[in-house]
Amino acid sequence: MSWQTYVDDHLMCDIDGTGHHLTAAAIIGHDGSVWAQSTSFPQIKSEEVSDIMKDFDEPGHLAPTGLHLAGVKYMVIQGESGAVIRGKKGSGGITIKKTGQALVFGSYEEPVTPGQCNMVVERLGDYLIDQARNSENRPRKENPNPFSEKQSSCEFGEKIRSMSWQTYVDDHLLCEIEGNHLTHAAIIGHDGSVWAKSGSFPQFKPEEITGIMNDFNEPGTLAPTGLYIGGTKYMVIQGEPGSVIRGKKGPGGVTVKKTNMALVIGIYDEPMTPGQCNMIVERLGDYLIEQGL
């Protein structure tokens with residue numbers, strides 16, 4: 001598949017069957033070379049790419065001056081240090097996902113929401129990162145979509161509307177991703193009540209959920225002691241303060257995404273990769289947030 005097809009079919013696609021699309025999209029090398037872009041993508045300046053790369057290397061670099069793209073200034077908002085930069089301007093904005101060799105750009109205007117833009121851009125970026133990481137171990141897939149050969153990265157929402165909480169877990173957290181599955185998954189209320197879980201999900205303690213919620217409210221709380229689920233300790237690694245907590249234990253780990261009312265939890269072990277777990281859990285979490293849940 002060509003880079004242009006990634007842009008045309010998986011960034012500029014119809015989002016959730018709404019008829020809405022990103023305003024512009026591109027895949028650009030770390031050196032500023034354009035790999036592929038939509039016809040609407042602005043003429044980016046080399047110094048703008050240099051500043052973006054510097055912010056990935058030194059998070060916070062762009063905060064005082066803003067993110068500039070073709071001379072247009074965006075206010076930098078909460079992203080993911082070293083991995084995702086997000087910007088806002090009026091009713092629109094931009095998401096930039098860094099991969100091993102490139103930057104995946106997506107810009108939007110209403111009625112597309114920030115969460116929809118994040119979902120489309122970061123999903124493709126995560127997939128490209130995983131493909132590069134595992135290219136020596138397995139052949140590259142032709143379709144950049146680990147959920148379905150027939151589904152573009154924009155169609156997720158159509159398939160999960162009006163479902164029970166257990167169906168969210170069974171069909172959209174424990175789904176197959178390139179032959180792999182999460183080991184355990186659950187959706188748990190902020191108060192620790194279980195909305196739905198896989199049969200194998202460990203029996204967690206109320207104080208463990210309290211500890212997780214405290215870390216979302218006061219990022220860094222879990223770093224000294226670790227993240228515990230069902231008595232198992234995970235080392236806390238880079239997440240997204242107030243939004244995503246990630247943990248690692250040996251060849252496996254856990255991702256916890258906070259929504260307005262719940263925690264979406266996914267636990268994995270090899271051969272599933274951290275990026276695949278993040279993609280599944282955060283994607284569903286972002287959708288639930290967009291639905292006000």
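1. Second largest pocket. This pocket holds about 270 Å³ of space. Of its 14 lining residues, those closest to the centre are Arg86, Asn118, Glu240, Lys257 and Asp286. A pocket here is an open set of points on a 1 Å grid over the protein atoms alone, where a 1.4 Å probe fits, with protein on both sides within 12 Å along at least five of seven lines; lining residues have an atom within 4 Å of a point. Grid points are joined across faces, edges and corners, and the volume is the space filled by probe spheres set on the points.

2. Basis. The model is predicted: local features need pLDDT of at least 70 and side-chain atom pairs count only at pLDDT 80 or more, while totals for chains, interfaces and linings use all residues. Residues are numbered from 1 along each chain as its sequence is written, and side-chain values use heavy atoms, with hydrogens and water left out.

3. Lining of the second largest pocket. Strand 4 (72–80), helix 3 and helix 7 each give two or more residues to this lining. Helices (H or I, at least four residues) and strands (E, at least two) are DSSP runs, numbered from the N terminus. By class, the lining divides into three nonpolar, four polar and seven charged residues. Nonpolar covers Ala, Val, Leu, Ile, Met, Phe, Trp, Tyr, Cys and Pro; charged covers Asp, Glu, Lys and Arg; the others, Gly among them, are polar.

4. Largest pocket. Its space is about 360 Å³. It is lined by 22 residues, and Glu80, Lys97, Arg246, Gly275 and Asn278 are the closest to its centre. Helix 3 (114–134) is among the elements that supply at least two lining residues, as are strand 6 (92–98), strand 11 (232–240), strand 12 (244–249), strand 13 (252–258) and helix 7 (274–290). Helix 3 gives the most, with five residues. The lining has nine charged, seven polar and six nonpolar residues.

5. Helix 7. This helix has 17 residues. From first to last C-alpha it reaches 24 Å, close to the 24 Å expected at 1.5 Å a residue. The expected span is 1.5 Å times one less than the number of residues. Helix 7 is mostly covered, with 14 of its 17 residues buried. Buried means under 20% relative accessible area, exposed over 50%, and partly exposed in between (1.4 Å probe, protein chains only). Just after the helix, Gly292 takes a positive phi of about 80°.

6. Met235. This residue sits in strand 11. Is Met235 buried or exposed? Met235 is exposed, because its relative accessible area is 55%. Contact means heavy atoms within 4.5 Å. Leaving out residues up to four places away in sequence, Met235 touches Arg246, Gly247 and Lys248. Its C-alpha lies 6.4 Å from that of Lys249, 14 residues apart along the chain.

7. Thr99. This residue is in the loop between strand 6 and strand 7 (102–108). Thr99 counts as buried because its relative accessibility is 9%. Not counting residues up to four places away in sequence, Thr99 touches His30, Val104, Gly125, Leu128 and Ile129.

8. Cysteines. The structure holds zero disulfides (pairs of cysteine sulfur atoms within 2.5 Å). Cys117 is buried, at 0% relative accessibility. Cys277 is buried too, at 0%.

9. Whole chain. The protein chain has seven helices and 14 strands. Of its 293 residues, 52% count as buried. Among contacts between residues at least 6 apart in sequence, 52% join residues at least 24 apart.
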